[in-house]
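These are my notebook entries on a two-chain model, written as I looked things up.

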Protein chains: 2
Amino acid sequence: MIIVNTGDGKGKTTAAIGQIIRSLGQGFKVCLIQLFKGENFYGEQNVLTKLDGLDFFSFSKEHPFCIKDVTMQEAAERCKPAISKIKEIVSSGKVYDLIVLEEFCIALRENFIDKTEFIKLVKLLSEKSDVIITGRGAPQELIDTADLVTEMKEIKHPYAKGVKSRKGIEF
Amino acid sequence: MIIVNTGDGKGKTTAAIGQIIRSLGQGFKVCLIQLFKGENFYGEQNVLTKLDGLDFFSFSKEHPFCIKDVTMQEAAERCKPAISKIKEIVSSGKVYDLIVLEEFCIALRENFIDKTEFIKLVKLLSEKSDVIITGRGAPQELIDTADLVTEMKEIKHPYAKGVKSRKGIEF
């Protein structure tokens, strides 16, 4: 099954993390491939790295929209090993029950990765695993390919009132 | 801050679990009060009960819409200790960074708990803690009270094609 968490609201990443916890709790094997997330910043990373049954990979850690000294070109270049990792999983025959591809919708939106190739790889992964792809602005082709799509829709957000990003909530 | 995860789509509970993991990863103290969820069924329970820093309470475990031998009246009765637990937290002076009230929107919708009393308690909790309330059909008064509201909106779901609930995904 191919699952997409998209939309402008909060909960895309946290829902994927919750899904990882649920899956691990059932004794399943899980792989998380994360883009654009600096280490030792997001609280969940401290817990996830300690859990049995999870293989955790992180690429292109500097987010080009948050960290000014990374160019879009550099960010794109740094996404390539993430695609190589997916290809490695496909060809290795290693079986995960769940594979989470975090923020890949952003990489697709910015053309950091090739959409056609990515969707083909996701289909291959989904033959053996459930696959969750997160990030705002999921392209229509990915939505068409997916079995389950949820839009996290912002109804109300304190950012609009000038409240800043907070530890334990946003990271 | 008062946060509400509502809507018909997938991700309300898993986003709250992800938020718990994020918060625990920052070294915070968290309390989870869960309604309508049988033990040894949901995968996340196996992981959450093993994590340091989390106090986990579960009430009215038999879901009246899923388990036929529980009446609505019995379910309502079994929600009372959950409200007592919230009152206990308010009056004890015990400080949590995050308190998650899982599926309380359902209890509100079914009038198992009193809306006015519940919202008053949530406001009191939010003086010391971030509070997340989950469940479909959040009442307008709760949305008005909340700071951050996300609607998990179903764009596409395989249930519509007759696919059944699956281990590691829905539980």
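Before anything else I noted how elements are named: helices (H or I, at least four residues) and strands (E, at least two) are DSSP runs, numbered from the N terminus. I also noted that this is a predicted model, in which local features need pLDDT of at least 70 and side-chain atom pairs count only at pLDDT 80 or more, while totals for chains, interfaces and linings use all residues. Residues are numbered from 1 along each chain as its sequence is written, chains are lettered from A and ligands numbered from 1 in the order in which they are written, and side-chain values use heavy atoms, with hydrogens and water left out.

**Entry 1: helix H3 of chain B**

I looked up the pair Lys80(B) and Glu77(B), which both lie in helix H3 of chain B, three residues apart, about one turn of the helix. An α-helix has 3.6 residues a turn, so residues three or four places apart point the same way. Lys80(B) and Glu77(B) form a salt bridge, with the closest N and O atoms 3.4 Å apart; the term stands for a side-chain nitrogen of Lys or Arg within 4 Å of a carboxyl oxygen of Asp or Glu. Glu77(B) counts as partly exposed because its relative accessible area is 46%, where buried means under 20%, exposed over 50% and partly exposed in between (1.4 Å probe, protein chains only).

I then checked the length of the helix. The expected span is 1.5 Å times one less than the number of residues, so the 21 residues of H3(B) (residues 72-92) should span 30 Å, and the end C-alpha atoms, 31 Å apart, agree with this.

Which residues of H3(B) are buried? I listed Ala75(B), Ala76(B), Cys79(B), Ala82(B), Ile83(B), Lys85(B), Ile86(B) and Ile89(B). Seen down the helix axis, these buried residues fall within an arc of 150°, so they line one face of H3(B); the arc is that of the directions from the axis to the C-beta atoms. The face turned away from the buried side carries the exposed residues Gln73(B) and Ser91(B). Among the elements of chain B that cover the buried residues are strand E2 (30-35), strand E3 (54-59) and helix H5 (115-125), contact being taken as heavy atoms within 4.5 Å. Just after H3(B), I found that Gly93(B) takes a positive phi of about 80°.

**Entry 2: where chain B meets chain A**

I found that the contact takes 49 residues from chain B and 49 residues from chain A. The two chains bury about 4300 Å² between them, 58% of it on carbon and sulfur atoms; buried area is the accessible area (1.4 Å probe) that two parts lose on being put together, summed over both. Arg22(B), Gln26(B) and Lys156(B) supply 17% of the area that chain B buries against chain A, more than any other three residues.

Across this interface the rule finds four salt bridges, and one that I looked up joins the side chains of Arg22(B) and Glu44(A) at 2.7 Å, N to O. The largest share of the side of chain B that touches chain A, eleven residues, comes from H1(B).

A polar atom of the Gln19(B) side chain lies 2.7 Å from the backbone oxygen of Ile169(A). Leaving aside neighbours within four places in sequence, Gln19(B) is in contact with residues including Lys10(A), Thr14(A) and Leu98(B).

Thr6(A) lies in strand E1 (residues 2-6) of chain A and is also buried, with a relative accessible area of 8%. Polar atoms of the Thr6(A) side chain lie 2.9 Å from the backbone oxygen of Gly135(A) and 3.1 Å from the backbone nitrogen of Ala138(A).

**Entry 3: more charged pairs**

A search of the whole structure finds 24 salt bridges over all chains. In one of them, the side chains of Lys80(A) and Glu77(A) meet at 3.4 Å, N to O. In another, Arg109(B) pairs with Glu110(B), the closest N and O atoms being 3.0 Å apart. Arg109(B) is partly exposed, with a relative accessible area of 41%, and Glu110(B) counts as partly exposed at 23%.

Methods:
A polar contact is a pair of N or O atoms within 3.5 Å; within protein, one must be able to donate a hydrogen and the other to accept it, and residues adjacent in sequence count only if both atoms are side-chain atoms.
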